[in-house]
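Subject: Structure for you to look at

Dear colleague,

I am passing on the structure we spoke about, with the sequence alongside. Please have a look at it first, and then read my notes below.

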Amino acid sequence: MPKKRRKLDPEMEKNMASAKKEVELITAKINDISEEDIQIEYREAFRSALLELNSLVELYKTVGYTEDTKKIYENYLVLITTFLGEYEL
């Protein structure tokens with residue numbers, strides 16, 4: 001039986017690329033914080049958004065564009081918005 005092709009979505013790919021750049025920028029800003037205690041606090045707070053994006057990228061690579069990938073992306077948006085609202089960079 002032939003392997004089922006995964007469904008791709010150009011808009012999702014564009015959103016993921018943008019999210020990756022945003023995560024890189026935020027990570028760089030966190031790494032620039034000179035006070036170690038504050039840097040650790042920011043890293044821990046940012047970790048959930050970072051892990052959610054990584055999960056999205058891996059799931060998209062394996063199964064493509066599905067309801068699950070849409071939900072993970074929406075959850076990522078909530079997490080990143082919450083982080084940026086609570087922590088000033």
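This is a predicted model: local features need pLDDT of at least 70, side-chain atom pairs count only at pLDDT 80 or more; totals for chains, interfaces and linings use all residues.

Contact is used here for heavy atoms within 4.5 Å.

I will begin with helix 1. Its 22 residues should span 32 Å at 1.5 Å a residue, and this agrees with its end C-alpha atoms, which are 32 Å apart. The residues of helix 1 that are buried are M12, M16, A19, V23, I26 and I30. Because they cover an arc of only 90° around the axis, they sit on the same side of helix 1, whereas P10, K14, K21 and E24, on the other side of that helix, are exposed.

The next point is the nonpolar core. The largest one has 20 residues, and those with the most contacts inside it are F46, L53, L56, Y76 and F83. Helix 1 (10-31), helix 2 (36-63) and helix 3 (67-86) each supply at least two residues of this core, and helix 2 gives the most, with seven residues. In soluble globular proteins, nonpolar side chains tend to be buried together. As for L53, if its neighbours within four places in sequence are left aside, it is in contact with A19, K20, V23 and Y76.

How many aromatic pairs does a search of the whole structure find? There are five. In one of these pairs, the rings of Y42 and F83 have their centres 6.3 Å apart and their planes at 90°, so the pair is edge-to-face. Since Y42 lies in helix 2 and F83 in helix 3, the pair ties together parts that are 41 residues apart in sequence. Both Y42 and F83 are buried, and together with F46 and Y87 they form one aromatic cluster.

Finally, I would point you to Q39, which lies in helix 2. Is this residue buried or exposed? Buried means under 20% relative accessible area, and Q39, at 12% relative accessibility, therefore counts as buried. The side chain of Q39 reaches the backbone oxygen of N31 at 3.0 Å. Leaving aside its neighbours within four places in sequence, Q39 is in contact with N31 as well as I30, D32 and I33.

With best wishes

Terms used:
Residues are numbered from 1 along each chain as its sequence is written. Side-chain values use heavy atoms; hydrogens and water are left out. A nonpolar core is a set of buried Ala, Val, Leu, Ile, Met, Phe, Trp, Tyr and Cys residues joined through side-chain atoms within 4.5 Å. Buried means under 20% relative accessible area, exposed over 50%, partly exposed in between (1.4 Å probe, protein chains only). Helices (H or I, at least four residues) and strands (E, at least two) are DSSP runs, numbered from the N terminus. A polar contact is a pair of N or O atoms within 3.5 Å; within protein, one must be able to donate a hydrogen and the other to accept it, and residues adjacent in sequence count only if both atoms are side-chain atoms. Rings of Phe, Tyr and Trp (its six-membered ring) pair if their centres lie within 6.5 Å; planes under 30 degrees apart count as stacked, over 60 as edge-to-face and the rest as tilted. The expected span of a helix is 1.5 Å times one less than its number of residues. The arc is that of the directions from the helix axis to the C-beta atoms.
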